[in-house]
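Visitor: I have a protein model open and I'd like to learn how to read it. Can you walk me through it, starting with a single residue?

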Amino acid sequence: MNLIATDVDDSIEKLERKLLAEAKRPNHALDPYFYRSHLVHDLELDQLIFKSWIYALHESEIPQPGDFQLLEIGEDSLIIARSADGKLHAMHNICRHRGAAVCEEPCGNRATFVCPYHGWVYNMDGSMKAAREMHVLPDFDPAAHGLKKVKLVTYMGLVFINCDANAADFLGPLEHLRKPLGAYQLEDAKVAHKQTYRINANWKLVLENYLECYHCATSHRAYAKLHTLKDLEERVAPVVNAMLERSDAVTGIEGMSTAYRRIYLDAEGFGACSYTSRYGLFDGYLTGSRDGQPVAPLMGNIKGYDGGAGDYQMGPLTFMLNYPDHCVLYRFLPRTLTTTDVEIVWFVRGDAEPGVDYQVDDLIWLWDHTTQEDEYIIMRNSKGVNSRFFEPGPYHPEFEETLKDFVHWYLHTLETNLPKH
Ligand code: FES
Ligand SMILES: [Fe+2]
């Protein structure tokens, strides 16, 4: 845990002053204040995180009635469960009596959630089953005391939640990804491995690192050997254009190289970003692995290796990097002001056998290795940014463009949702 000095003078007025200063210095890294303020952190949870669409799990992880998984965001815990009728539900893991968490296990199967405190019982869809001895309270209505529900949608087997009852539509924005994303048949894919990396830095530093590849050439030797994203567009245009030209024919998927970009302030609805593009691997490399050679059978309908990788964004905090033989999902979640969980999920085709069709160690090597390199660099970033002597520098206009989009959305959201004072 990274401890930071508490700002005893923090206030809405101070936040307003800081936002004004940011407006006067656009296209620069953020002021340290935004990574250190508890007031800002709380506002972010209210106005950004809990109003955004967030990946929860893949449907196949909870296939049976009674299956459930917890999802931890900030200080909160959500339950994603499958009820007896096969439907999926998302709800707050907070008892409607005096607020105990009704479930502690991270995943499992059960018929009901029984609160450990006074024994209230909830069905897997969150509705109340029984509240012990509450019949003595004449106007107690069990139907009004179910676990609080959270919005949930499923797209190609990927389950997303949003804690805002008025959340913007997400399935519409995701539909723009159908042609290229559909090729992987994610509905029938399986989770070959998933891992949570707990990083001791503010969530924005962790996300900002993912949103730019300026650092790839210097921080990720193994990744940079394979992926063209580390170079300026004009330098790698011949490699990328050649891949785009052959992509549909080689993969057998019409529209494999579709590009679509409506993210952050430009998203169709708040917290409903959707993005896809296909970028090239250097000649001779087929997939994102240690040596660039396949590590699993081709996914879905894909017929061959075009030397490309599909890049996706789904909501503000969820990303996918899809190679012809496996897909890698990234999700960033704040836990505290100085702690962030990065979850990486590796998907392979549903009928692939571990140890036969793929080796988990080979499958995860590149992105496990790259994420450890990122952790190292993010920790150094956090150390410098938390210094009172840090003076923010300018963003690179091409490499850090998406990062700029994120920061604009971030600042705009704070500005338009300042608490009254
Ligand atoms: S807090 Fe859950 S039954 Fe009392
Ligand atoms: Fe990185």
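This is a predicted model: local features need pLDDT of at least 70, side-chain atom pairs count only at pLDDT 80 or more; totals for chains, interfaces and linings use all residues.

Visitor: Where is Asn27 in the fold?

Guide: Asn27 sits in the loop between H1 and H2. Its backbone deserves a look too: Asn27 has a positive phi of about 60°, although it is not a glycine.

Visitor: Which loop holds Met156, and what is its phi?

Guide: Met156 belongs to the loop between strand E9 (149-155) and strand E10 (158-162). Its phi is positive, about 50°, and Met156 is not a glycine. Met156 counts as partly exposed, since it has 18 C-beta neighbours inside 10 Å.

Visitor: Let's zoom out. How many helices and strands does the protein have?

Guide: There are 11 helices and 17 strands. The radius of gyration is 23 Å, close to the 22 Å from the globule rule for 421 residues, so the protein is as compact as a globular protein of that length.

Visitor: What share of the residues is buried?

Guide: Of the 421 residues, 41% count as buried. Sequence separation is another thing to check: among contacts with a separation of 6 or more, 68% are between residues 24 or more positions apart.

Visitor: How do I read a helix that has one side covered?

Guide: Start with the general idea. An α-helix has 3.6 residues a turn, so residues three or four places apart point the same way. Now take helix H11 (residues 401-416), which has 16 residues and reaches 23 Å from its first C-alpha to its last, close to the 22 Å expected at 1.5 Å a residue. Its buried residues are Leu403, Phe406, Val407, Trp409, Tyr410, Thr413 and Leu414.

Visitor: What covers the buried residues of H11?

Guide: The cover includes helix H1 (12-24), helix H3 (38-47) and helix H6 (203-210). Helix H3 can be read the same way as a exercise. In H3, the buried residues are Val40, His41, Glu44 and Gln47. They span an arc of only 150° around the axis, which puts them on the same side of H3. Their cover includes H1, helix H2 (33-36) and H11.

Visitor: What does Pro392 touch?

Guide: Leaving out residues up to four places away in sequence, Pro392 touches His28, Ala29, Leu30 and Asp31. Pro392 is in the loop between helix H10 (360-385) and H11. With 13 other C-beta atoms within 10 Å, Pro392 is partly exposed.

Visitor: And how should I look for a core?

Guide: In soluble globular proteins, nonpolar side chains tend to be buried together. Here the largest nonpolar core has 113 residues, and those touching the most other members are Ala56, Leu78, Ile80, Phe160, Val206 and Phe347. Domain 1 (54-154) and domain 2 (169-408) both give residues to this core, so it lies between them.

Visitor: Which residues is Phe347 in contact with?

Guide: Setting aside neighbours within four places in sequence, Phe347 is in contact with Leu186, Ala189, Lys190, Val191, Ala192, His326, Cys327 and Leu329.

Visitor: Last one: how far apart are the C-alpha centres of domain 1 and domain 2?

Guide: The C-alpha centres of domain 1 and domain 2 lie 33 Å apart. The contact takes 9 residues from domain 1 and 13 residues from domain 2. On the side of domain 1 that touches domain 2, strand E1 (54-58) and strand E2 (67-73) each supply at least two residues. E1 gives the most to that side, with 3 residues.

How values were computed
Residues are numbered from 1 along each chain as its sequence is written. Chains are lettered from A and ligands numbered from 1 in the order in which they are written. Helices (H or I, at least four residues) and strands (E, at least two) are DSSP runs, numbered from the N terminus. The expected span of a helix is 1.5 Å times one less than its number of residues. A residue is buried if 20 or more other C-beta atoms lie within 10 Å of its own, exposed if 12 or fewer, and partly exposed in between; C-beta atoms are placed from the backbone. Two residues are in contact if their C-beta atoms, placed from the backbone, lie within 7 Å. The radius of gyration is taken over C-alpha atoms; the globule rule is 2.2 Å times the number of residues to the power 0.38. The arc is that of the directions from the helix axis to the C-beta atoms. A nonpolar core is a set of buried Ala, Val, Leu, Ile, Met, Phe, Trp, Tyr and Cys residues joined through C-beta atoms within 7 Å. Domain bounds come from an automatic or database domain assignment.
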